[in-house]
Amino acid sequence: MQIIRTIQEMQAASVDLKRSGRRMALVPTMGALHEGHAALMRKAREQGAAVVVSVYVNPTQFGPLEDFKRYPRDLKADTRLCEREKADAVFAPSDDEMYPGGLQSTEFVEENVLARRLEGEQRPGHFRGVCTVVAKLFNIVQPDIALFGEKDYQQLKVVQRMVRDLRFPVEIIPVPTVREADGLALSSRNQRLSAAERPEATVLWKALGIARDLFEEGERNVHRLETAMSRAVELAPSARLDYAQIVDAESLEPVTDVQHGDR
Ligand code: AMP
């Protein structure tokens with residue numbers, strides 16, 4: 001497995017990998033890899049693709065008050081996990097490679113419809129940073145497919161929209177959320193939960209289950225379903241809820257009637 005630091009090397013590796021006749025898959029990550037990331041790599045290999053995992057903590061997607069400095073970083077452990085999953089290459093570029101003009105004077109890529117809602121309202125500029133780094137990675141790695149987790153559902157939808165609108169020749173493949181036995185979605189940031197917060201974090205999964213059960217029992221009123229979720233989350237003493245909203249799975253617009261989705 002190659003460990004690649006520069007764009008030049010990455011582009012040479014990309015040409016080599018494509019010569020093998022396989023499709024090329026990109027798994028974009030910010031490192032501190034876990035079994036959720038491993039599921040993305042496995043899905044890529046199931047497609048018969050050569051797998052490139054990018055590991056880059058992208059500064060432009062963090063707000064000024066967010067945890068960019070404290071975000072967990074461990075490239076050695078990440079490399080071991082990628083090796084175990086038989087990835088073909090890890091691309092771990094520097095900030096200079098990714099932002100040659102510096103962070104202040106970079107061009108940005110922005111999706112302006114889906115990115116405005118939900119997480120976009122809470123974290124202004126977040127999806128602009130995500131779209132910018134994903135567009136750069138697509139240009140550098142030139143993948144045929146790219147895998148994104150449903151854990152970050154809005155991100156998945158924003159990236160799909162950007163790819164559609166900017167005509168990137170990349171197929172986006174969604175991967176279901178991998179969870180701990182108690183329902184908490186695996187996340188690099190879980191490392192930062194205290195011993196008291198960790199069990200409380202399961203309220204997110206419980207809240208989803210409560211809404212699902214009410215729905216199965218026939219409840220279709222959005223307000224009542226949202227309130228049930230909010231109450232469930234607020235049971236955790238250290239939780240502060242930003243939003244619990246039921247939206248259309250494609251447009252991310254609020255809905256008035258809840259219906260079964262495709263799955
Ligand atoms: P991150 O390193 O957090 O930026 O995540 C990189 C990719 O892995 C994103 O597409 C995430 O949605 C995906 N991912 C992270 N955690 C999980 C998980 N628990 N299950 C599935 N995909 C995940």
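**Close-up views of a predicted model**

**View A. Ala-249 is located in the segment that follows helix H10 (222-234).** Helices (H or I, at least four residues) and strands (E, at least two) are DSSP runs, numbered from the N terminus. The structure is a predicted model, in which local features need pLDDT of at least 70 and side-chain atom pairs count only at pLDDT 80 or more, whereas totals for chains, interfaces and linings use all residues. Residues are numbered from 1 along each chain as its sequence is written, and side-chain values use heavy atoms, with hydrogens and water left out. Ala-249 has a relative accessible area of 42% and is therefore partly exposed; buried means under 20% relative accessible area, exposed over 50%, and partly exposed in between (1.4 Å probe, protein chains only). Leaving aside neighbours within four places in sequence, Ala-249 is in contact with Tyr-153 and Lys-157, where contact means heavy atoms within 4.5 Å. The C-alpha atom of Ala-249 is separated by 7.7 Å from that of Gly-261, twelve residues apart along the chain.

**View B. Ser-14 belongs to helix H1 (residues 7-19).** The relative accessibility of Ser-14 is 5%, so this residue counts as buried. Not counting residues up to four places away in sequence, Ser-14 touches Met-24, Val-141 and Gln-142.

**View C. The ligand is surrounded by 17 residues.** The closest of these are His-37, Gly-149, Asp-152, Val-178 and Leu-186; a residue is near a molecule if one of its heavy atoms lies within 4 Å of it. Taken alone, the ligand exposes 480 Å², of which the protein buries 94%; accessible areas come from the Shrake-Rupley method with a 1.4 Å probe, and for residues only the protein chains shown count as cover.

**View D. Strand E2 (24-29), helix H2 (35-46) and strand E5 (145-149) are the elements that give two or more residues to the shell around the ligand.** Helix H2 gives the most, with three residues. By class, the shell has eight nonpolar, seven polar and two charged residues. Here Ala, Val, Leu, Ile, Met, Phe, Trp, Tyr, Cys and Pro count as nonpolar, Asp, Glu, Lys and Arg as charged, and the others, Gly among them, as polar.

**View E. Cys-82 and Cys-131 are both buried.** The relative accessible area of Cys-82 is 0%, and the relative accessibility of Cys-131 is 0%. A search of the whole structure finds zero disulfides, a disulfide being a pair of cysteine sulfur atoms within 2.5 Å.

View F. Most residues other than glycine have a negative phi. With a relative accessible area of 52%, Lys-86 is exposed. Arg-167 counts as exposed, at 67% relative accessibility.
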